[in-house]
Amino acid sequence: MIVPVSYYLVLGAILFSIGVTGVLLRRNAIMVFMSIELMLNAVNLSFVAMSRALDSLDGQVFVFFVMTVAAAEVAVGLALIVAIFRSLGSADVDDAHVLKG
Amino acid sequence: MVPYVAIAVLFVLSTGVAVMIMMVGSLFGPRRPTPRKLMPYESGMVPVGRAMQRMPIRFYLIATLFIIFDIEVIFLFPWALVYRQLGVFGLLEMFTFLALLVAGFVYVWRKGALEWE
Amino acid sequence: MERFLAQNWTVIQPALFLVFTGLIVLLVDLWLKEEEREWLAYFSLVGFGGAGVIVVRQWLAVRGLETPITGFGGMMVLDTLGLLFQMLFFLVGFLAVLLAPGYLTRRRLQRGEFYALLLFSTAGMSLLAGAQDLIMLFLGIEVLSIPLYILAGFARPRLDSEEASLKYFLLGAFATGFLLYGTALLYGATGTTAFEALRASEAAAAPRENVMFMAGIALLLVGLGFKISMAPFHQWTPDVYEGAPTPVTAFMVAATKAGGMVALIRLLYWGLGPADDVWRPLLGVLAAVTMTWGNVGALLQRNVKRMLAYSSIAHAGYLLIGVLSGGVGFVAVLVYLLIYALTNLGAFGVILLLEDGEREALDIESYRGLARFHPGAALLMSVFLLSLAGFPPTAGFFGKFLLFTAGISAGLTWLVVVAVLNSVLSVFYYARVIVKMYMQEPVETPAFSRSWLVAGALAVAAVGVVLLGLYPTVVVRLITA
Amino acid sequence: METLLWALLLVPLAGAVVNVLLGRRLPRQVAGWLASGAVALAFLIGVMATLRLLALPAEERAYVTPTLYTWALAGRFEVPVSLLFDQLAAVMVLVVTGVGFLIHVYSVGYMAHEPADYDFRRYFVYLNLFVFSMLLLVLGSNFVLLYAGWELVGLCSYLLISFWYTEPQNAAAGRKAFVVNRVGDFAFALGIFLIWSAFGSVVYADVFEAVGGVAPATLTAITLLLFVGCTGKSAQLPLYVWLPDAMAGPTPVSALIHAATMVTAGVYLIARASALFAAATSTSAIVAWVGVLTALFAATIAIVQVDIKRVLAYSTISQLGYMFLGVGVGAYTAAIFHLVTHAFFKALLFLGAGSVMHAVEHGAHHAGEHVDPQDMRQMGGLWERARWTGITFLVGAAALAGLPLTSGFFSKDEILAGAFLEGHVLLYGVGLLTAFLTATYSFRQFFLVFAGEPRSEAARHAAESPRVMLVPLAVLAVLALGAGLVLGWPPEHGIIHTWLEPAFAVAREGTKAEGGAGLSPMTLLLISSVVALAGAGLAYGAYVRKAVDPAALSVRFRPLYVLLWNRYYVDELYALLFVRPFFGLARFLADVVDKLVIDGAVNGVATVTAGAHALARRLQAGYVRVYALSMVLGALLVLGYLVYWGR
């Protein structure tokens, strides 16, 4: 017997939710960002699972693109976080609230 | 489900054994800590500095650059599989792609991101 | 084979042109001295101009065709709608480049990356304009957004700029997560990512039978809603627009919204057309909330940039009326976006005139008595603000009229009532600035820096705003032709 | 004709543009005369165009210029940019440019003291721009052009109200006018959208032709929306609040914009859309009632005002109420007639008030005394010191009061007669009561200012205004005195009637009632005369007798008093039965209803909006995670709606 595809989808959904929760709860910018990465990877998992279930390659191709784009985001994001850490002295997202109202 | 039962059994057993051995060791083993024993294990070398120290920013830079250039390779694999069917068009596409990467590489190089000092 | 090649390259030709211009800017910059960097601005102008020429030629060629040209296995399409949107993007890019060099030089930010990123971002929009596949939609949005994350923080190490950048990046990436998950769910429900196949799928015909499909639509709307700053996904907008360097804000206000709108139109009508009874009521409500929230937020703002940011949220709400109206609505959206872009670029242009590297005309108090010192700048600002308020006979009035009539003919009367009420409200805060300029005594000499480039952009914007108000028919005819 | 009309429209605009471009190089007087000349030229062109129209047969007197271009074209929506010149437009054009010209001339003198050249020029630029906008409003051949003009006159009005912006209350007045008018404009814009969706066109001719084919409910909605727009612009209940404050602007502006022309735009709109309003009977009834109640309400307030301009402001509101009563009962011609005569006599009164203020200011300057030049309690006895102003003001007051044979007499009576003959006896009664009050307050004002002894040093040293101000006064006085007789005699068959009736032919179809309760128009005319005289008499009794030596009074008026009443009895009757309760009511309306209820409502809306703004700001706390949370909540809502409730 094969593991039903719905298991993967449920796992993807759970991972995605963990990612969302992480974004809401973590204060360190790096951790927030890692939570976002978790969301993206949950999506990737779902894509691959569905690609398999539907017997279509589109999903896997999509994953390639998601991965590359995520890499680009990592590059930009890390640079930004480093930059703001330098001028703010902290990587806590709650410390960045000059702009408001 | 049946074929997986064995795996599950193996999984439970291996975890169980590992946990048990560690418990047994900590329950019955003698405990005589010395500073040397409490040191972090770094392949037998004498550790240099603390583990929680700041890393030079260059490491981030290199790591970032590595991720970007590394991840692009995944586009080469599917292309390599079907490049005969794609023919000249595919070849041109891939060269364009690589040219873009090279441009990025030149940029990075010229900006001095690859210099260590 | 050759036709295949030609066709595939053609559909992304404008985007390619921009990307290569950007690359050249990026590489040439490496060998330039600081004071030579202004030449990169002129080169970028060539890039935007060239892309514009390409698009116009394509438009002339495509206009008469029965079936639009597609490329890359149907992932991209070359049709008039997409081409018109691209013209808009390139015009905005062109004008935004005009606004930038003076500001960058004064703040010692003159770096080639600025123009390259602007070009890359526009290339992303260009891809969005012709997207016929969820993959292209995703890629376009990311190519559009990632450069903007950087541009928002371009005034580093100024803290507000960095903060804007960080917020934009984190929330943008977060929204991307939703967008992607929505895509995955749609893919799972229909087995395809191509709009054409989505449209024809069983799930689209009976969307309510398929939970995964419905959830996919919901999450996609969240992701795209973020990009067009639709409430309640709009909260990044004021912070980012305020913190980003002013020329970047001008570009974002004018262009990003247009990019998001075209993506939304493509997705909703090309991809999810048959399921319109699902998203239509939802978007209607969200449009009403968006415009009201934007206007209420703008009401008593003291920072002009922030006020314009809130007003841009409100305008997103108005634009959704056009999106929801379909057909004529698209024309209305296009014309409105054009007018809105010109008006905003003009307003930001005036803001850029009134700064000198140290002082910036951001606080509303710095507009006191401006009419005494710089009657020309005050007059222009008034025209732009009145246009944003939709005051006749400026272009903004015409744009709103077009949007609202489209809404009424599509049966969205209630939404138009809300919108009219909102635009009545909005006049109040636009007028505040005018009152400051004309009806209050100045307290200090305003900062001012003469710039021929900015003056040029202002001239284009002003002429456009006035002409489109008095004689919009030309543009409308061109679009509907 | 086409060229003529476009020239008519553009000449004032050109005046403004030239003043903007060249003004700095011209002496200030030249700038003023340039602006006046532009309006004079427009007036001449207007006369020429009217003469051309006159040459045509009566039923063909509606000229639409060829479409200059089509303003918008998307889907089925288009607006031709063209002008319509018919009998109604001709009357409005002549009033706007004619009165406008006189007021321009007057302004050259009035604004001569303006210290800065810049402000002097600015004033005339705004004024010319206003004339242009008003002409656009009047001449446009469709609702959208009308709306454009409507907004532009509003803009000019705000600019001019806050002209002396250094005084914070003036700026506040401008803002109030702005805010209140937005409410009306909102309804008006919706009305136009509704017209478009119901008729598929916004061109007058198309719309009025198709009235029969539209559901009555739709018509009612359209006309109601348009009327709400009118209540804003024309200062009717409940949106009238801005007009009294608008008196903060320079007095000639009050005369031109807030009395003679702009505020009558609402009346013009209803007259223009008479075909719609005549078909929507319930709206017409509302219009009539709102009009007559506004007239009464404002008249009662006017009685207790002590500011010379505020009296006139409330009287303007009241007179506009009459005009709405007229259009409401279907007496369109009478309403426009009253619009014309009102433009003459109210402009006259405002300019007269300006002249009075000028005189008092001069006196104050001379006496080294600081007085509020608008406070009538500080005046008195100006008749001796500013004779020409006094005479012309008297003419204006008489016309406003509707004393027999003045212009206001004919036009007002015709509205009342219209109400009566259409069978609206109650409306007629209220209107008549208001006419009585009108006569009272207008003469009260005249007596307070001109009669008796000076009540301050400033008034004692007051001096007559310069000629450039008096000449327009004289011209307007002649018009205010004679226009009624020339245009409106005999009733129902005067020049203005034969001229305007064809324009309202559609609206009048089938509404011509067969006489009211058996009173002939002549009888009604007589009643009006008696009422007006009685009102003036009341003012005389109440205000002059207190100021004038009783002995002299009794000598002069002994026959009248002996004949009618015992003087002490009258005094007590006034005090006990009438004056006190009445003044009490008037005070109540002025202080409680006007200040608290209506102002309060306006301010309340502002407070609520500001509160919402504060809330929105609090939600925008600046924390990324809060924003993310609101995104997640939003996403859950959207998901929930689509996946759960939406199914």
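This is a friendly conversation about a predicted model of a complex and the terms used to describe it.

Reader: What should I know about the numbering and the thresholds before we start?

Author: Residues are numbered from 1 along each chain as its sequence is written, while chains are lettered from A and ligands numbered from 1 in the order in which they are written. Because the model is predicted, local features need pLDDT of at least 70 and side-chain atom pairs count only at pLDDT 80 or more, whereas totals for chains, interfaces and linings use all residues.

Reader: What confidence does the predictor give the complex?

Author: The complex has an ipTM of 0.88 and a pTM of 0.86. For single residues there is pLDDT, the predictor's confidence in each residue, from 0 to 100. Chain B averages 81, with 89% of the residues scoring at least 70. Chain D averages 81, with 87% of the residues at 70 or above.

Reader: What makes a stretch a helix, and how many helices does chain B have?

Author: Helices (H or I, at least four residues) and strands (E, at least two) are DSSP runs, numbered from the N terminus. By that rule chain B has 4 helices and 0 strands, in the pattern α-α-α-α. In chain B, confidence runs from a mean of 76 in helix α2 (residues 35–38) to 86 in helix α4 (residues 76–111). Chain D comes to 27 helices and 4 strands.

Reader: Why is D:V632 called partly exposed?

Author: A residue is buried if 20 or more other C-beta atoms, placed from the backbone, lie within 10 Å of its own, exposed if 12 or fewer, and partly exposed in between. D:V632 has 19 C-beta neighbours inside 10 Å, so D:V632 counts as partly exposed. D:V632 is placed in helix α27 (residues 624–645) of chain D.

Reader: How do you know which residues D:V632 touches?

Author: Two residues are in contact if their C-beta atoms, placed from the backbone, lie within 7 Å. Leaving aside residues up to four places away in sequence, D:V632 touches A:V20 and A:L24.

Reader: Which chains share the most contacts?

Author: Chains C and D do, of the 5 pairs of chains in contact. There, 60 residues of chain C meet 48 residues of chain D. The largest share of the chain C side, 10 residues, comes from α19(C). By class, that side has 48 nonpolar, 7 polar and 5 charged residues; Ala, Val, Leu, Ile, Met, Phe, Trp, Tyr, Cys and Pro count as nonpolar, Asp, Glu, Lys and Arg as charged, and the others, Gly among them, as polar. No contact joins chain B and chain D, whose closest C-alpha atoms lie 24 Å apart.

Reader: Why is α5(C) called roughly antiparallel to α6(C)?

Author: Axes are lines fitted to C-alpha atoms, for helices over the stretch in contact, with angles from 0 to 180 degrees between N-to-C directions. Angles under 35 degrees count as roughly parallel, over 145 as roughly antiparallel, 65 to 115 as roughly perpendicular and the rest as oblique. Helices α5 (residues 112–129) and α6 (residues 134–152) of chain C pack at about 160 degrees, with their axes 8 Å apart. That is why α5(C) is roughly antiparallel to α6(C). Their contact has 16 nonpolar, 3 polar and no charged residues.

Reader: What makes α17(D) roughly parallel to α21(D)?

Author: Helix α17 (residues 387–401) and helix α21 (residues 467–488) of chain D pack at an angle of about 30 degrees, with axes 9 Å apart. α17(D) is therefore roughly parallel to α21(D). Among the residues that meet are D:W388 and D:V395 in α17(D), and D:L470 and D:L481 in α21(D).
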